[in-house]
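Hi everyone, thanks for making time. I'd like to walk you through one structure today, going residue by residue and then stepping back. Here it comes.

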Amino acid sequence: MATRYYFDIRNGEELYADRQGIELRDEETAAHEAMQSLLSMAKDNPPLDKHRLLAFEVRTDEGPVFQISLNRGMTRR
């Protein structure tokens, strides 16, 4: 039985709620989907803008499940 997963996007302090979600077979599949989407989004967003944190906060109808994040900051030496 499939579960509906929602992939809310966090860009810095801003959170964009996924109101539609997608049905997936399990949490592992949802994690793979989140990671692939996060990497794709990171390519399209400048790495040094004011929002360093880019993340998917994944939830089901029962509540939060996990977060996958990427810190796009740069440390100068």
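Let's start with tyrosine 6, which sits in strand 1; strands here are DSSP runs of E with at least two residues, helices are runs of H or I with at least four, and both are numbered from the N terminus. Before I go on, a word on where this comes from: it's a predicted model, where local features need pLDDT of at least 70 and side-chain atom pairs count only at pLDDT 80 or more, while totals for chains, interfaces and linings use all residues. Residues are numbered from 1 along each chain as its sequence is written, and side-chain values use heavy atoms, with hydrogens and water left out.

Back to tyrosine 6. Is tyrosine 6 buried or exposed? Its relative accessible area is 10%, so it is buried. Buried means under 20% relative accessible area, exposed means over 50%, and partly exposed is in between, with a 1.4 Å probe and protein chains only. Who does tyrosine 6 touch? Skipping neighbours within four places in sequence, its contacts include Asp18, Gly21, Val58 and Asp61, where contact means heavy atoms within 4.5 Å. The C-alpha atoms of tyrosine 6 and aspartate 18 are 5.5 Å apart, although 12 residues separate the two along the chain. There's also a polar contact of 3.1 Å between the side chains of tyrosine 6 and aspartate 61. By polar contact I mean a pair of N or O atoms within 3.5 Å; within protein, one must be able to donate a hydrogen and the other to accept it, and residues adjacent in sequence count only if both atoms are side-chain atoms.

Now look at aspartate 8, also found in strand 1. With 7% relative accessibility, aspartate 8 is counted as buried. Which residue does its side chain reach in a polar contact? That's arginine 59, at 2.6 Å. Beyond its neighbours within four places in sequence, aspartate 8 has contacts with, among them, Leu15, Tyr16, Ala55 and Phe56.

On to charges. Side chains of opposite charge can pair when their charged atoms come close. I'm calling it a salt bridge when a side-chain nitrogen of Lys or Arg is within 4 Å of a carboxyl oxygen of Asp or Glu, and that rule gives 4 salt bridges. Take glutamate 23 and arginine 4, whose closest N and O atoms are 3.5 Å apart. Glutamate 23 belongs to strand 3 (residues 22-24) and arginine 4 to strand 1, so to speak distant parts of the chain, 19 residues apart. Arginine 4 is partly exposed, at 29% relative accessibility. Then there's the salt bridge between arginine 10 and glutamate 57, 2.6 Å from N to O. Since arginine 10 is in strand 1 and glutamate 57 in strand 4, this pair ties together parts 47 residues apart in sequence. Arginine 10 is buried at 19% relative accessible area, while glutamate 57 counts as partly exposed at 22%. Another salt bridge joins arginine 25 and aspartate 26, at 3.8 Å from N to O. Arginine 25 is exposed, with 65% relative accessibility, and aspartate 26 is partly exposed, with 29%.

Next, the rings. How many aromatic pairs does a search of the whole structure find? It finds 1: phenylalanine 7 with phenylalanine 56, edge-to-face, 6.0 Å centre to centre and 85° between the planes. For the record, rings of Phe, Tyr and Trp (its six-membered ring) pair if their centres lie within 6.5 Å; planes under 30 degrees apart are stacked, over 60 edge-to-face, and the rest tilted. Phenylalanine 7 is in strand 1 and phenylalanine 56 in strand 4, so the pair ties together parts 49 residues apart in sequence. Phenylalanine 7 is buried at 10% relative accessibility, and phenylalanine 56 is buried at 6%.

Beyond its neighbours within four places in sequence, alanine 34 is in contact with Phe7, Phe56, Val58, Phe66 and Ile68.

Finally, the overall picture. The protein has 1 helix and 5 strands, in the order β-β-β-α-β-β from the N terminus. Of its 77 residues, 30% are buried.
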